[in-house]
Amino acid sequence: MYQNIDEQLCEVAQGEIVKKRKSLIPASLVLITGLFVAFLPKLVPDVADSANLASMAAVMGWSLVIGGIVWLLVCLGRGAWYYHHEPSGKRLSRYELLYDVSEKNRIRDLVDNCDVEALGKVPRSTVSSVMAVLYTLPAGDVLWAQAFEFVPHKFVPLTDVVRIPDGRKMAK
């Protein structure tokens, strides 16, 4: 039984790919700015004298506070991690390509043989029967791939995690 690419990518590519956490600093700055703007009428007497200005500052401030809290929760939650390619200094993107179940063996063979050019030419499907997961650089170079099959309620790996040599580009 193969392991999922998302669970073992850092282990397979030791020193090449690092899992990094998204920064909490921008979200924290938005939250602090929102608090400052929300309490601006209490801090500056001239703002408190104008009802329109005070209410506008309160609405803007509390909107920024809510936005900052949501952003912090996103940064701390499920989407808090990303993969970083150390040699290029770039962030990896994850792509999921869906195929029909009739293409299962073909997709497995193409991923095993690192043939991403041919993988891009296989007709896609809207039904998630077979899936190829690709990790690419921003320029489109495919570095890692794995094929999956959908069994009731989850995707099960069809292949092992495959390193694509020389970062080949996929045919459009």
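A: Two strands pair if DSSP finds at least two bridges between them. Helices (H or I, at least four residues) and strands (E, at least two) are DSSP runs, numbered from the N terminus. This is a predicted model, so local features need pLDDT of at least 70 and side-chain atom pairs count only at pLDDT 80 or more, while totals for chains, interfaces and linings use all residues. Residues are numbered from 1 along each chain as its sequence is written, and side-chain values use heavy atoms, with hydrogens and water left out.

Start with the sheet. Three strands form an open sheet in the order β1-β2-β3, with antiparallel pairing. Its edge strands are β1 (17–21) and β3 (90–91), and each pairs on one side only. Strands of a sheet pair through backbone hydrogen bonds, either parallel or antiparallel. Here β2 and β3 pair in the antiparallel sense over two bridges. Histidine 85 has its bridge partner in β3: lysine 90. Helix α1 (residues 5–12) packs on this sheet and touches β1 and β2. The direction of α1 makes about 120° with that of β1.

Now zoom in on histidine 84. Histidine 84 sits in strand β2 (residues 81–85). Histidine 84 is buried because its relative accessible area is 12% (buried means under 20%, exposed over 50%, partly exposed in between; 1.4 Å probe, protein chains only). Leave out residues up to four places away in sequence, and histidine 84 touches Glu16, Ile17, Val18, Lys20, Gly89, Lys90 and Arg91 (contact means heavy atoms within 4.5 Å). Among these contacts is Lys90, the bridge partner of histidine 85.

Next come the cores. A nonpolar core is a set of buried Ala, Val, Leu, Ile, Met, Phe, Trp, Tyr and Cys residues joined through side-chain atoms within 4.5 Å. The largest core has 19 residues. Tyr99, Ile107, Val111, Leu119, Ala132, Leu134 and Ile164 touch the most other members. Five elements are named as giving two or more residues to this core: β4 (93–99), α6 (104–112), α7 (116–121), β5 (130–136) and β6.

Look at two residues that touch each other. Valine 111 touches Leu119, Ala145, Gln146, Ala147, Thr159 and Val162, not counting residues up to four places away in sequence. Alanine 147 is in strand β6 (residues 142–151). Alanine 147 counts as buried because its relative accessibility is 0%. Beyond four places in sequence, alanine 147 touches Ile107, Val111, Met131, Ala132, Val156, Pro157, Leu158 and Thr159. Serine 55 is 92 residues from alanine 147 in sequence. Their C-alpha atoms are 55 Å apart in space.

Now the loops. Serine 129 lies in the loop between α7 and β5. Serine 129 is buried, at 17% relative accessible area. Not counting residues up to four places away in sequence, serine 129 touches Tyr99, Asp100, Val101, Phe148, Glu149 and Phe150. Cysteine 114 is in the loop between α6 and α7. Cysteine 114 is buried too, with a relative accessible area of 12%. The phi of cysteine 114 is near 60°, a positive value in a residue other than glycine. Histidine 153 also has a positive phi, near 80°. Histidine 153 lies in the loop between β6 and β7 (154–157). At 80% relative accessibility, histidine 153 counts as exposed.

Last, the charged pairs. The whole structure holds three salt bridges (a side-chain nitrogen of Lys or Arg within 4 Å of a carboxyl oxygen of Asp or Glu). Glutamate 96 pairs with arginine 94, and their closest N and O atoms are 2.2 Å apart. Glutamate 96 is partly exposed at 46% relative accessibility. Arginine 94 is partly exposed as well, at 33%. Glutamate 103 pairs with arginine 106, with the closest N and O atoms 3.5 Å apart. Glutamate 103 is buried at 16%, whereas arginine 106 is partly exposed at 41%. Lysine 104 meets glutamate 149 at 3.2 Å, N to O. This pair links distant parts of the chain: lysine 104 is in helix α6 and glutamate 149 is in strand β6, 45 residues apart. Lysine 104 counts as partly exposed because its relative accessibility is 21%.

Note on methods. Axes are lines fitted to C-alpha atoms, for helices over the stretch in contact, and angles run from 0 to 180 degrees between N-to-C directions.
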